[in-house]
Amino acid sequence: MNKTRPWRSSTVMAASALAIAAIAALGFVALASHTLAERPKHAEAKLRQCHFHGEAEPHRGMVWIPAGRYEEGDNVYPEEQPVVPARVAGFWMDSHEVTNAEFAAFVKATGYVTDAERPVDPATHQGLPPDMLKPGAVVFFMPKHIDGTENIAQWWHYVPGANWRHPAGPASSIAGRENYPVVEVTHADAAQYARWRHRALPSEAEWEWAARGGNPKAYLDHDQPKGANTWQGVFPVVNSGADGFVGLAPSGCYAPNAYGLYDMIGNVWELTDDIYRPSHGGDPAPDQTISRDDAVLRYTIKGGSFLCAPNYCARYRSGAREGQEADLAVSHLGFRTILRAPESAEPQ
Ligand SMILES: [Ca+2]
């Protein structure tokens with residue numbers, strides 16, 4: 001298995017380097033400790049009787065998502081538009097986000113080394129400061145004070161030594177957090193896990209359809225959800241934790257949707273298998289066309305996270321979406337897998 005990151009093309013390499021360099025230029029510094037935002041409220045977690053499935057049987061821990069047609073997208077932010085018709089076949093989907101315990105089993109069985117645990121090749125990432133060449137990932141830290149919300153370096157830091165085992169940096173660990181969603185994983189990491197399970201990552205259309213829970217009008221509700229792990233207060237400095245958690249929550253702490261899916265909205269963003277482009281369906285303008293070979297490689301992520309607040313990133317909705325750099329791991333992003341069904345599950 002490669003010890004350096006498997007960059008996919010010179011353009012992607014350059015784009016990734018530029019993106020990471022941009023983060024560095026914003027003044028990210030290495031920090032290595034738990035923060036308030038990463039610390040769960042254990043008392044509340046115990047009270048909530050968080051739901052969790054094991055994985056001992058085929059399909060155990062998965063629920064059936066029926067085939068259907070719906071209107072994909074939303075109209076709150078530009079990238080969600082236009083709303084377009086979509087159709088999906090039926091499929092099985094993990095009822096919960098892949099957990100640290102499940103990802104640990106994969107790593108134990110395969111010896112897989114995640115992107116964040118590999119050094120960055122200086123030949124393909126020229127100009128990065130030394131710390132940015134070290135294996136690491138981006139971590140959210142709650143600042144005490146901020147000067148506006150334009151400079152995201154006030155709360156996002158590139159931390160050498162941060163990875164799925166140490167999600168807030170080398171001094172942190174996942175001990176006691178086996179049922180928390182795994183974070184600090186990239187698309188390649190998630191896709192490799194899915195292949196190992198003989199499964200796949202969902203497409204954006206599949207993910208969004210599943211998140212609707214059979215309610216075709218779900219996208220019309222733009223209110224901050226009460227039954228999901230989001231941010232209560234003024235992001236990024238005040239979070240009351242009124243929903244029970246100021247940081248990540250264990251999987252399955254909130255009521256499932258009508259399909260039996262937990263945490264589709266909030267807790268962690270979830271990776272899909274779709275290349276991201278900054279428009280939604282339809283024919284993109286020529287300068288918006290993105291391919292694997294000649295544009296910044298990002299994957300679409302869905303569902304929002306524990307950091308989503310009404311005053312900033314109100315993306316706690318099924319139709320919301322963002323792009324995530326393919327090779328950069330972050331502390332608010334995880335994933336779940338699906339198992340596609342035979343042709344008989346096609347919508348009529
Ligand atoms: Ca919360």
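Mentor: Helices (H or I, at least four residues) and strands (E, at least two) are DSSP runs, numbered from the N terminus. Residues are numbered from 1 along each chain as its sequence is written. This is a predicted model, where local features need pLDDT of at least 70, side-chain atom pairs count only at pLDDT 80 or more, and totals for chains, interfaces and linings use all residues.

Trainee: What is the mean pLDDT of the chain?

Mentor: pLDDT is the predictor's confidence in each residue, from 0 to 100. Over residues 1–43 it is below 50, and over residues 285–295 it is below 50 as well. Where pLDDT is low, the predicted coordinates should not be read in detail. For the chain, 76% of the residues reach 70 or more, and the mean pLDDT is 82.

Trainee: How many of the residues of E5 are buried?

Mentor: Take the strand one face at a time. Gly136, Val138 and Phe140 are buried on one side, and Ala137 and Val139 are buried on the other. E5 is largely enclosed by the rest of the structure, because the buried count is five of the five residues.

Trainee: Which residues touch the most other members of the largest nonpolar core?

Mentor: A nonpolar core here is a set of buried Ala, Val, Leu, Ile, Met, Phe, Trp, Tyr and Cys residues joined through C-beta atoms within 7 Å. The largest one has 66 residues. Elements giving two or more residues to it include E5, strand E6 (156–160), H5 and helix H6 (204–212). The members that touch the most others are Ala137, Val138, Val139 and Ala210.

Trainee: Alanine 137 again! Which residues does it touch, leaving out those up to four places away in sequence?

Mentor: Contact means that the C-beta atoms of two residues, placed from the backbone, lie within 7 Å. With that cut-off, alanine 137 touches Ala116, Val159, Ala162, Asn163, Glu184, Ala329, Val330 and Ser331.

Trainee: Glu184 is on that list. Is glutamate 184 buried or exposed?

Mentor: Glutamate 184 sits in the loop between E6 and H5. Its phi is positive, about 60°, although it is not a glycine. Most residues other than glycine have a negative phi, and most peptide bonds are trans. Since glutamate 184 has 28 other C-beta atoms within 10 Å, it counts as buried.

Trainee: And where is proline 236, with its cis peptide bond?

Mentor: The bond from phenylalanine 235 to proline 236 is cis, with omega near 0°. Another cis bond runs from glutamine 81 to proline 82, with omega near -5°. Proline 82 is in the loop between strand E2 (68–72) and strand E3 (84–88), while proline 236 lies in the loop between H6 and E7.

Trainee: Last one: which residues are exposed on the face of H3 turned away from its buried side?

Mentor: Start with the buried side of H3 (residues 100–110), which has Asn100, Glu102 and Phe103. They share one side of H3 because they cover an arc of only 165° around the axis, taken from the directions from the helix axis to the C-beta atoms. Their cover includes helix H5 (187–196). On the face turned away, the exposed residues are Lys108 and Ala109.

Note on methods: A residue is buried if 20 or more other C-beta atoms lie within 10 Å of its own, exposed if 12 or fewer, and partly exposed in between; C-beta atoms are placed from the backbone.
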